Amino acid sequence: MLSRIAESLFWIGRYVERADGTARILDVHLERLNHLPLEEQRSVARALLAVMGARPQSEDFGLPELLHSLAYDKQSASSIAGALSAARENARRARETVSSSMWEGLNTTYYGLNQHRKDVVGTYRFCNWVLERTAMVRGLADSTVSHDESWLFLVLGRSLERADMTARMLSTRDVQSAGMSWVNMLRCAGAYESFLRTRRAAFGDQHAAEFLLLDRLFPRSIVFALRDADECLAKLDPSAQRVGFINDARRIVGQARTFLEFHRTDDLMSELPEHMERVQKAVTQASDAISRKYFNQADEHAWVGEVS
Amino acid sequence: MSELFQGYSEAAARSGAYDEMFAPGQLARKSYGQVAGALSELSLADVTARADSMARTFLDRGVTFDYAGEERPFPLDIVPRVIPADEWDVLERGVAQRVHALEAFLNDVYGRMSVVSDGVIPRQLVTTSAHFHRAVHGFEPAGGVRVHVSGIDVVRDSAGTFRVLEDNVRVPSGVSYVLENRQAMAKGLPEAFGQQHIRPVEEYPRRLLSALRKTAPSGVDDPTVVVLTPGVFNSAYFEHTLLAGLMGVELVEGRDLICRGNRVYMRTTAGEQRVDVIYKRIDDDFLDPLQFRSDSMLGCPGLVNAARAGGVTIANAVGNGVADDKLVYSYVPDLIRYYLHEEPVIANVDTFRLEEKEAREHVLDRLEELVVKPVDGSGGKGLVIGPDASKEELDALRKRVIADPRGWIAQPVLQLSTVPTLSGDRFGPRHVDLRPFAVNDGDDVWVLPGGLTRVALKEGSLIVNSSQGGGSKDTWVLADTPQLPAEALPRQTVTVREQVSVWPVESNWRDRQTDQQQ
């Protein structure tokens with residue numbers, strides 16, 4: 001398939017997952033933010049924005065500005081609306097490759113972005129709507145796109161972004177001065193029920209973090225997402241079966257996953273910030289390596305002489 | 001007839017044009033019987049609700065064109081345009097004939113130029129055309145076809161006669177709307193389809209793909225076809241994606257291609273892959289920075305050389321623009337007689353060549369009664385309609401015509417035929433044209449039954465281009481022999497198919513179990 005199309009699919013996967021993850025984080029934190037005194041609210045809003053990888057536009061940054069930059073700002077790819085617009089734009093560029101129902105799903109989502117009230121209450125509804133729409137797009141992709149190379153790029157983007165988003169979710173724990181309760185953290189990832197059923201009586205910060213970081217069966221845990229990404233990469237490049245890897249992306253993803261999976265610790269909570277930082281870094285590096293290997297067009301428009 | 005048609009006959013009489021649906025006296029023509037019947041059952045609320053839902057579907061599906069950087073849905077009117085079989089027969093023959101003639105003309109112009117040496121047209125006519133590209137002179141394109149796809153615009157004058165308005169053999173667009181309109185209409189006005197057999201349009205992508213594959217460079221067993229688009233900001237981007245999708249081929253941009261050793265390759269995740277046929281949806285000027293505009297980022301350097309060496313088929317061939325020149329258009333009837341030894345099936349619109357002194361003086365005296373068009377314009381750009389123009393516009397036009405008489409032609413104002421079109425709370429007559437699409441695979445010219453009917457949505461307006469507020473209509477060509485007999489026969493009972501069994505015989509433990517239970 002065309003490199004350009006592969007790149008579009010990869011980014012559709014990433015952007016849709018980003019919108020989903022951001023909606024989850026925003027939804028959970030809004031509740032707490034509302035209860036805080038104004039001054040604290042502002043500092044928490046700034047910190048939250050920093051965790052999502054953006055910087056405040058102006059000095060005067062409070063709750064309404066936070067809503068704008070995480071939910072409604074179409075210009076910024078770290079907001080929900082921005083990510084969904086970007087996903088739709090990518091689908092438009094790869095429209096002959098994605099299935100028409102998936103394209104329509106993204107397109108109608110894009111046109112629905114403006115139909116929400118942009119206050120706090122409206123944002124709750126907006127976040128819910130985004131979760132529904134992204135789930136629908138994922139479902140349509142799974143059931144209407146052939147699970148060939150194009151689908152692998154889509155899933156690759158999705159799983160890398162998912163690892164990144166879960167890492168950010170866990171990082172937001174430190175943002176709230178009172179600390180976010182582990183219940184909320186699990187709710188954020190939609191993991192509450194799964195966690196309760198697996199861990200039964202054992203609960204607390206440590207176990208919740210462990211679940212989101214290391215659980216091998218919960219699909220939004222970091223280890224699970226990295227394993228998914230690893231599998232996609234292996235299928236995309238079946239050449240290096242016996243020894244070693246010629247693919248940087250596989251090395252990066254694989255190292256991150258295995259370190260987490262086989263790491264032994266007694267004090268996960270104090271190590272957590274480092275883990276989160278390294279996971280996010282690995283995702284960025286892997287994404288770069290994938291671009292270099294599959295999408296790179298640095299020599300575009302180069303004049304190639306007539307000699308063959 | 002329902003109140004939706006109130007005041008229609010008066011409005012139709014005002015315009016003086018031929019109405020496609022009603023004969024004088026507000027009687028529906030025979031071909032429109034079903035449509036008229038279906039519409040008379042509907043109230044205003046029904047019609048508006050259906051029109052809204054059709055528009056909404058178009059937006060959701062992304063059936064849009066780009067206008068000033070904004071995606072707009074292409075307005076589709078709820079009343080179809082119906083063409084009876086006998087009229088279509090003439091159109092089909094006329095379009096195919098014209099494509100054959102233009103194909104022969106282009107081959108000649110980029111070769112021996114016998115049409116000039118035999119005195120049919122002046123040499124100057126060709127050499128002064130802005131789209132006569134010397135870069136492609138002197139070789140026959142791989143596959144031997146130049147006009148793979150064409151859109152010959154035809155209109156109907158006030159007497160009801162079809163006439164050719166212009167030829168588009170460069171990059172004719174609009175066929176995607178033909179395909180989408182039919183789907184939308186099947187949901188929007190299902191009653192009107194009724195018992196009649198309307199000729200289907202969905203085979204177009206198949207026909208196009210097979211024509212493109214057939215004209216691949218020789219020696220290629222399984223040719224790779226791609227659609228070359230200028231990119232997502234092109235006004236027809238939707239069409240490019242739709243055609244590539246329906247043909248199941250890659251949609252490439254210039255930056256995806258690379259020319260090496262007179263072969264063309266595309267960059268894929270598995271390395272470079274040879275491309276044999278390029279369905280080009282980009283203007284010649286931007287195609288190859290080595291030959292044409294050197295600042296173009298849309299094309300790919302080396303394409304023209306590759307085509308010259310026979311390493312790739314470009315469809316439509318580079319340099320076809322000379323046949324679109326409106327001054328060449330005025331010679332097409334002569335070209336048909338010269339190359340095919342036939343009389344033209346569809347006549348041209350009378351055209352004044354402004355280089356001829358007498359014609360020019362005559363035209364300059366009557367500018368306010370005529371339409372004046374630039375010879376290389378498209379999309380209704382630069383055209384001046386005398387009766388609608390102000391005195392200043394006409395004066396400016398006069399100066400430009402005198403300065404460059406080769407650059408303009410003049411035609412009488414045609415009252416294009418009208419079809420009822422929803423406007424506000426009722427139907428009014430609106431002017432339409434028709435662009436039938438033809439696919440040429442080298443042996444055969446196939447004309448898509450129907451084509452794109454564009455409609456000017458403003459009352460009295462004669463400009464149907466989408467960039468200037470035009471919409472479209474689904475175009476129905478009725479089949480000659482209805483598939484269903486006139487009287488419905490008692491339905492045959494469906495013959496039950498004999499059951500075929502290929503699976504291994506089931507082990508019968510379950511049967512035994514049920515036996516035991518009993």
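These legends accompany close-up views of a predicted model.

Local features are taken where pLDDT is at least 70 and side-chain atom pairs only at pLDDT 80 or more, while totals for chains, interfaces and linings use all residues. Residues are numbered from 1 along each chain as its sequence is written, and chains are lettered from A and ligands numbered from 1 in the order in which they are written.

**View 1. The two domains of chain A.** Chain A is split into domain 1 (1-145) and domain 2 (146-296), with bounds from an automatic or database domain assignment. Their C-alpha centres lie 20 Å apart. Across the boundary, 28 residues of domain 1 of chain A are in contact with 30 residues of domain 2 of chain A; contact here means C-beta atoms, placed from the backbone, within 7 Å. On the domain 1 side, α1 (3-35) and α2 (38-51) of chain A each supply at least two residues, and α1(A) gives the most, with 18 residues. Helices are DSSP runs of H or I with at least four residues, strands are runs of E with at least two, and both are numbered from the N terminus. This side of domain 1 is made up of 16 nonpolar, five polar and seven charged residues. In this grouping, Ala, Val, Leu, Ile, Met, Phe, Trp, Tyr, Cys and Pro are nonpolar, Asp, Glu, Lys and Arg are charged, and the others, Gly among them, are polar.

**View 2. Where chain A meets chain B.** Now for the contact between chains, which takes 24 residues from chain A and 25 residues from chain B. On the chain A side, α1, α4 (80-93) and α5 (100-112) each supply at least two residues. Of these, α5(A) gives the most, with five residues. The chain A side divides into nine nonpolar, six polar and nine charged residues.

**View 3. Helix α12 of chain A and its cover.** Helix α12 (residues 248-262) of chain A has 15 residues and reaches 21 Å from its first C-alpha to its last, close to the 21 Å expected. That expected span is 1.5 Å times one less than the number of residues. Look for the buried residues A:Ala249, A:Arg250, A:Ile252, A:Val253, A:Gly254, A:Ala256 and A:Arg257. Buried means 20 or more other C-beta atoms within 10 Å of a residue's own, exposed means 12 or fewer, and partly exposed lies in between, with C-beta atoms placed from the backbone. Their cover includes α11 (222-236) and α13 (268-295) of chain A.

**View 4. Strand β19 of chain B and its partners.** Strand β19 (residues 408-412) of chain B is largely enclosed by the rest of the structure, because four of its five residues are buried. Strand β16 (residues 352-353) of chain B runs antiparallel to β19(B), joined by two bridges; pairing requires at least two bridges found by DSSP. Strand β17 (residues 370-374) of chain B also pairs with β19(B) in the antiparallel sense, over five bridges. Have a look at B:Ala410 in β19(B): B:Phe352 stands opposite this residue, and B:Val372 has B:Ala410 as its bridge partner.

View 5. The peptide bond from B:Ala315 to B:Asn316 is cis, with omega near -10 degrees. B:Asn316 sits in the loop between β14 (313-315) and α13 (321-324) of chain B. B:Met113, in the loop between α4 (85-109) and α5 (114-117) of chain B, has a positive phi near 60 degrees. B:Met113 counts as partly exposed because 15 C-beta neighbours lie inside 10 Å. B:His341, between α15 (332-340) and β15 (347-348) of chain B, has a positive phi near 55 degrees. With 7 C-beta neighbours inside 10 Å, B:His341 counts as exposed.

Methods
Contact = placed C-beta atoms within 7 Å.
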